[in-house]
Amino acid sequence: VSQSRYTLSKDGVAIVDTEYYWQPIETCPKSAKVQLLSIHGVAVYGEYHGKDNFWTHWAPLPKKRKENK
């Protein structure tokens, strides 16, 4: 984990990507599965429909790399 873009959070409970940030909810694509961040700081997978003030930020889903076979 050391010497990379990942680090242990200050409270020591999570690994954080230092180059990856939540995006403003205003830029979220509508009706597609994304990660959503609530006003309480809870992250979930879901769809944003643009009519709810409960979500403050969003992030795209991670992608798996193709495996060499």
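User: What counts as a salt bridge here, and how many salt bridges does the count come to?
Analyst: A salt bridge is a side-chain nitrogen of Lys or Arg within 4 Å of a carboxyl oxygen of Asp or Glu. The structure is a predicted model. By this rule, the number of salt bridges comes to two.

User: Which residue forms a salt bridge with Asp17, and how far apart are the closest N and O atoms?
Analyst: Asp17 belongs to strand 2 (residues 15–17), and its partner sits in the segment before strand 1 (6–8), 12 residues apart. That partner is Arg5, and the closest N and O atoms are 2.6 Å apart.

User: Is Glu19 buried or exposed?
Analyst: Exposed means over 50% relative accessible area. Glu19 has a relative accessible area of 53%, so Glu19 is exposed.

User: Is Asp17 buried or exposed?
Analyst: The cut-off for buried is under 20% relative accessible area. Arg5, at 34%, counts as partly exposed. Asp17 has 17% relative accessibility and therefore counts as buried.

User: Which residues make the nonpolar surface patch of about 310 Å²?
Analyst: One member lies in strand 1, namely Tyr6. Tyr6 is partly exposed, at 40% relative accessibility. The patch is made by Tyr6, Leu8 and Ile15.

User: In what order do the four strands of the open sheet stand?
Analyst: Strand 3 and strand 6 run antiparallel and are joined by two bridges. Strand 4 is joined to strand 6 by four bridges, also antiparallel, and strand 4 pairs with strand 5 (residues 43–47) in the antiparallel sense over five bridges. The edge strands, each pairing on one side only, are strand 3 and strand 5. The order is 3-6-4-5.

User: Which residue in strand 6 stands opposite Gln35?
Analyst: Strand 4 (33–38) and strand 6 (55–59) are joined by four bridges. In strand 6, the residue opposite Gln35 is Ala59.

User: Which residue in the hairpin of strand 4 and strand 5 takes a positive phi?
Analyst: Across these two strands, Leu37 stands opposite Ala43. The hairpin has four residues between the strands, and the positive phi is near 85 degrees. The residue that takes this phi is Gly41.

User: Which elements give two or more residues to the largest nonpolar core?
Analyst: This core has seven residues in all: Ile25, Cys28, Val34, Leu36, Tyr48, Trp55 and Trp58. Two elements each give two or more of them: strand 4 (33–38) and strand 6 (55–59).

Methods: Residues numbered from 1 in each chain as written. Predicted model: local features only at pLDDT ≥ 70, side-chain atom pairs only at ≥ 80, totals over all residues. Heavy atoms only, no water. Core = buried A, V, L, I, M, F, W, Y, C linked by side-chain atoms within 4.5 Å. Buried < 20%, exposed > 50% of the residue type's maximum accessible area, 1.4 Å probe, protein only. Patch = residues over 30% accessible without salt bridge, like charges linked within 9 Å, V, L, I, M, F, W, Y side chains within 5 Å. Areas by Shrake-Rupley, 256 points an atom, 1.4 Å probe, with all protein chains shown as cover. Pairing = 2+ DSSP bridges.
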